[in-house]
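Me: I'd like to learn how to read helix packing in a model. Can you walk me through it?

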Amino acid sequence: MAPLVFAWLGLAAFAASLGYFLFSYFLVFGPAPSRPGALTPVLVDLALFTVFALHHSVFARTRVKAIITSRIAPAFERTVYTWIASALFMLVCWAWQPVPGVVYVLGPAWAWLGYSAQAAGIALTFLGTRALDVLDLAGVRQVMRGPEPVRVALQTTGVYGLVRHPLYFGWVLLVFGAPEMTATRFTFATVSSIYLALAIPFEERGLDEAFGAGYARYRTQVRWRMLPGIY
């Protein structure tokens, strides 16, 4: 029972990290007072996100997973990953340094565009996650049934017919859609979106291995990876 509780708490930690991000992004990352040396907080923020990104990417590699599972039970590998990733993401949001300045502010007549983009981002995220097994991603199913992941069918329709990574597209709409784009929000949005763009080719290598010719056909059918008409 204790291992399963640990796994479920890992899923709760993941949900809490997302909630803390939303709280930070909407309520904490507001306008910052002007001060000299604005480059310093940007570099600190970049270092913070780099630590999170390195864990998120390196620990997802097959060779690193093999090293981890040689030291812990394979069924626990994913839930441990979820715990560490969630803790690091909350640390990033908590320690994110305010950057002075405001990039732009949409007036009342145009603010609805920003809110609409953010709503679309949330909708894309919801629709995209419906095709995934969240319990498998968080490691709960591995503890319940063993380390073998649940096979999820390749999704090629719906939001997956728009871009190959609709969750990432939804993220971009959410973080860049703020009607009041403070420099703090803009830094977070830019750094996190660049990381996602750089991670996609590595992620698609794994998808090629998992789905073979099916994913190759999907890539020819849906050209855009993340942003329609751009990337």
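**Helix pairs and a glycine**

Reply: H2 and H4 are roughly antiparallel to each other, with "roughly antiparallel" meaning an angle over 145 degrees. This is a predicted model, where local features need pLDDT of at least 70, side-chain atom pairs count only at pLDDT 80 or more, and totals for chains, interfaces and linings use all residues. Residues are numbered from 1 along each chain as its sequence is written, and side-chain values use heavy atoms, leaving out hydrogens and water.

Me: What describes two packed helices?

Reply: The angle between their axes and the distance between the axes. Here, the axes of H2 (residues 39-58) and H4 (residues 77-95) come within 9 Å and cross at roughly 170°. Axes are lines fitted to C-alpha atoms over the stretch in contact, with angles from 0 to 180 degrees between N-to-C directions; helices are DSSP runs (H or I, at least four residues) and strands are too (E, at least two).

Me: Which residues make the contact of H2 with H4?

Reply: Among them are Leu 48 and Phe 52 of H2 and Ile 84 and Leu 88 of H4, contact meaning heavy atoms within 4.5 Å.

Me: At what angle do the axes of H8 and H9 cross?

Reply: Roughly 170°, and the axes come within 9 Å. That makes H8 roughly antiparallel to H9. Trp 171 of H8 and Leu 196 of H9 are among the contact residues.

Me: Is Gly 177 buried or exposed?

Reply: Gly 177 has 7% relative accessibility, so it counts as buried (under 20% relative accessible area; exposed is over 50%, partly exposed in between, with a 1.4 Å probe and protein chains only). Gly 177 lies in the loop between H8 and strand E2 (180-182).

Terms used. Angles under 35 degrees count as roughly parallel, over 145 as roughly antiparallel, 65 to 115 as roughly perpendicular and the rest as oblique.
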